[in-house]
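Hi everyone, thanks for coming. I have a structure to walk you through today, so let me put it up on the screen.

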Amino acid sequence: MKMRFKKISNLLVTFSLLIYVLPYPGLMPGNRFYRLEQIADRVGQFWAFGSFSRHKYELNLADKKLVEAKILFEYQQYPLALQALESSNQHFQKAKAYLERASKEGKDISQKMINLKAAAEKHKEVLETLKKDLPEEFLWQPEKKPAEKLRIHQFLEEAIKIRTL
Amino acid sequence: MKFKSLIILYSIFYILISIFSYGFVDTNFPWIPSKFLFNLIHYQRPLTTMIHIIVVGVLFGFYGYVLRQVKNKKINANQIWLMILVGVVILLFSFPAFSYDIFNYIATAKVTYFYKENPYLMMPIEFIGEPMLKFMHAANKIALYPPLWIILTAVPHFLGLGNILLTVFTFKVFVAAFYLVLAWLIWRLSEKSGYSLAFFALNPLVIIETLVSGHNDVVMMAFALFGFYLLFQNRKISSFVSLLASIGIKYATIILAPLFIFSSRFKREKLITFSCWALFAVFLLSPLREEIYSWYFIWIIALAALVPKNKLLWWLVMGFSFGLLLRYTPFLYFRSYGGLTPTIKTLTTFIPPGLVLIFYFFKNARFRLSSF
């Protein structure tokens with residue numbers, strides 16, 4: 001019985017993965033309204049009260065920041081990309097935490113969990129592709145600061161680990 | 001007819017409507033009171049349609065008779081209040097037969113106060129295992145109403161103690177209380193005119209949509225009319241706050257904001273007439289959003305009651321009230337929202353007011369000719 005349930009659950013995750021669509025990234029760093037959008041996103045957390053609402057809010061931001069990171073990586077804006085990825089990681093972890101809270105509150109989270117798993121798989125798909133295309137490390141030389149070694153693969157692996165449910 | 005006989009007939013008819021309404025209980029509702037009524041409504045469709053037409057006809061018969069008696073001063077304000085209270089007490093126990101909106105109100109309140117979620121972000125359908133999902137008709141919608149309505153629904157929600165039947169009843173009591181407040185405001189604003197009171201509170205469309213179906217339009221209009229009440233006492237800021245509260249129940253009265261701002265430029269009667277036409281415009285434009293719903297016309301009736309001498313509005317109210325109540329007939333007959341239903345709905349909505357308008361203009365033209 002347990003095995004059959006797991007099989008059905010996996011099948012649903014696979015199906016959800018097929019239809020899980022990542023959003024457009026929104027405004028990118030450098031845009032004059034980028035800070036404003038970030039403030040609006042932060043204010044949004046007060047609107048998203050309740051564990052399910054907050055889970056939805058955090059997952060949306062995790063998606064958005066991941067796409068932002070992907071585009072920044074593609075344009076070789078590595079420090080900004082890593083910042084966006086870090087933000088996506090945090091939102092994803094919070095999305096998971098709010099779902100756990102919902103479960104403790106007695107809400108049925110089965111459908112939301114399937115969606116979260118589908119999101120995680122989609123995120124991992126993007127991260128794996130990036131890992132293939134990006135260098136393992138990159139020496140970032142800011143104009144007025146000392147050079148900094150960016151361990152891109154390590155960051156990506158950590159992000160994948162966070163999304164392993 | 002003596003008033004005592006009238007009120008007895010009225011009560012009997014309301015009791016029959018209440019009984020009839022229980023046939024509309026959804027198959028998946030946790031309580032089906034009568035198999036006979038259920039079968040009548042769901043399987044004897046021509047008979048159900050006929051009963052509905054008779055109900056609407058009789059209600060209008062009563063309405064016309066009462067209005068005439070009030071005009072001839074054979075029924076006084078106290079007697080009208082008695083009829084209103086009888087209607088409230090009996091129809092509170094009816095089932096919301098013709099619309100499932102009350103269940104949307106209940107579900108939104110439940111999302112907010114039971115699940116403690118933002119109803120503007122979460123739809124009822126997202127709560128797996130929620131018993132209301134079995135029978136509610138718009139589970140896949142986030143909250144449609146502004147925040148003040150959701151805040152106010154905390155009262156009937158908590159009084160319902162988590163029991164769906166009790167909650168339906170508390171929501172109906174809540175709406176009925178505002179119906180009484182609105183009737184009182186109309187009475188006061190019309191300088192205690194029994195005619196205005198009866199014109200609004202005994203209108204069959206108002207009765208069916210408010211006391212049977214439990215629509216919240218009376219709540220919005222109660223705040224709007226309280227705004228007028230304060231405005232006429234030169235309490236401009238308070239009146240605007242009341243209008244804001246009305247907009248916080250349902251957005252439609254936002255159209256009155258410019259009239260409230262420039263209210264000093266209009267005489268009292270003109271202001272109410274313009275407000276009535278403004279809301280009539282919103283009513284006519286409602287298909288741009290979804291469709292014309294019969295309960296939207298309550299906005300117009302509430303204001304038209306304050307200008308009973310405006311004959312065009314008077315006839316329009318009569319025509320639309322009748323036509324809009326007949327909108328339910330094609331669904332009752334076909335049990336489908338597709339096919340011929342939308343066309344017949346449009347015809348039933350517009351033919352009665354159209355005929356009434358032709359009659360009105362013909363009567364007016366004859367009057368003008370005879371005065372030459």
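This is a predicted model: local features need pLDDT of at least 70, side-chain atom pairs count only at pLDDT 80 or more; totals for chains, interfaces and linings use all residues.

Let's begin at A:Thr129: is this residue buried or exposed? With 11 other C-beta atoms within 10 Å, A:Thr129 is exposed, because the cut-off for that class is 12 or fewer. A:Thr129 is found in helix H5 of chain A, which covers residues 110-133. If you want a sense of distance, pick out A:Gln90 as well: A:Thr129 and A:Gln90 are 39 residues apart along the chain, and their C-alpha atoms are separated by 21 Å.

Stay with H5 for a moment, and look at its partner. Helix H6 of chain A spans residues 152-162, and the axes of H5(A) and H6(A) come within 10 Å and cross at roughly 165°. That angle makes H5(A) roughly antiparallel to H6(A). As for handedness, the H5(A)–H6(A) crossing is left-handed. Who makes the contact? On the H5(A) side we have A:Lys124, A:Leu127, A:Leu130 and A:Lys131, and facing them from H6(A) are A:His153, A:Leu156, A:Ala159 and A:Ile160. Sorted by class, the residues of this contact come out as five nonpolar, one polar and two charged.

Now to another helix pair in chain A. Here I'd like you to find H3, residues 51-74, and H4, residues 78-104. They pack with their axes 7 Å apart, at an angle of about 160°. So H3(A) is roughly antiparallel to H4(A), and the crossing of these two is left-handed. The contact of H3(A) with H4(A) has 18 nonpolar residues, along with five polar and six charged ones.

Between those two helices there is a loop, and that is where A:Gln76 sits. What is its backbone doing? A:Gln76 is not a glycine, yet its phi is positive, at about 60°. A:Gln76 is also exposed, with 10 other C-beta atoms within 10 Å.

Let me zoom out to chain A as a whole. Chain A contains six helices and two strands. Reading from the N terminus, the order of its elements is α-α-α-α-α-β-β-α. Chain A has 165 residues, of which 33% count as buried. And if we take the contacts in chain A with a separation of 6 or more, 65% of them involve residues 24 or more positions apart.

Over to chain B. The mean pLDDT here is 93, and 98% of the residues of chain B reach 70 or more. For the model, the scores are ipTM 0.82 and pTM 0.89.

B:Lys73 is found in the loop between H3 (45-71) and H4 (77-91) of chain B. Is it buried or exposed? B:Lys73 has 9 other C-beta atoms within 10 Å, so B:Lys73 is exposed.

Just after H10(B) comes B:Gly214, which takes a positive phi of about 75°.

One more residue in chain B, and that is B:Ile300, in helix H15, residues 298-304. B:Ile300 is buried, with 23 other C-beta atoms within 10 Å. Leaving out residues up to four places away in sequence, B:Ile300 touches B:Cys276, B:Leu279, B:Phe280, B:Phe283 and B:Val317. For scale, B:Ile300 and B:Thr27 are 273 residues apart in sequence, and their C-alpha atoms are 35 Å apart in space.

Last stop: the place where the two chains meet. How many residues does each chain give to the contact? Ten come from chain B and eleven from chain A. On the chain B side, the residues that touch chain A are five nonpolar, two polar and three charged.

Note on methods. Residues are numbered from 1 along each chain as its sequence is written. Chains are lettered from A and ligands numbered from 1 in the order in which they are written. Axes are lines fitted to C-alpha atoms, for helices over the stretch in contact, and angles run from 0 to 180 degrees between N-to-C directions. Helices (H or I, at least four residues) and strands (E, at least two) are DSSP runs, numbered from the N terminus. Angles under 35 degrees count as roughly parallel, over 145 as roughly antiparallel, 65 to 115 as roughly perpendicular and the rest as oblique. A crossing is left-handed if the near helix is turned anticlockwise from the far one by less than a right angle, and right-handed if clockwise. Ala, Val, Leu, Ile, Met, Phe, Trp, Tyr, Cys and Pro count as nonpolar, Asp, Glu, Lys and Arg as charged, and the others, Gly among them, as polar. Two residues are in contact if their C-beta atoms, placed from the backbone, lie within 7 Å. pLDDT is the predictor's confidence in each residue, from 0 to 100. A residue is buried if 20 or more other C-beta atoms lie within 10 Å of its own, exposed if 12 or fewer, and partly exposed in between; C-beta atoms are placed from the backbone.
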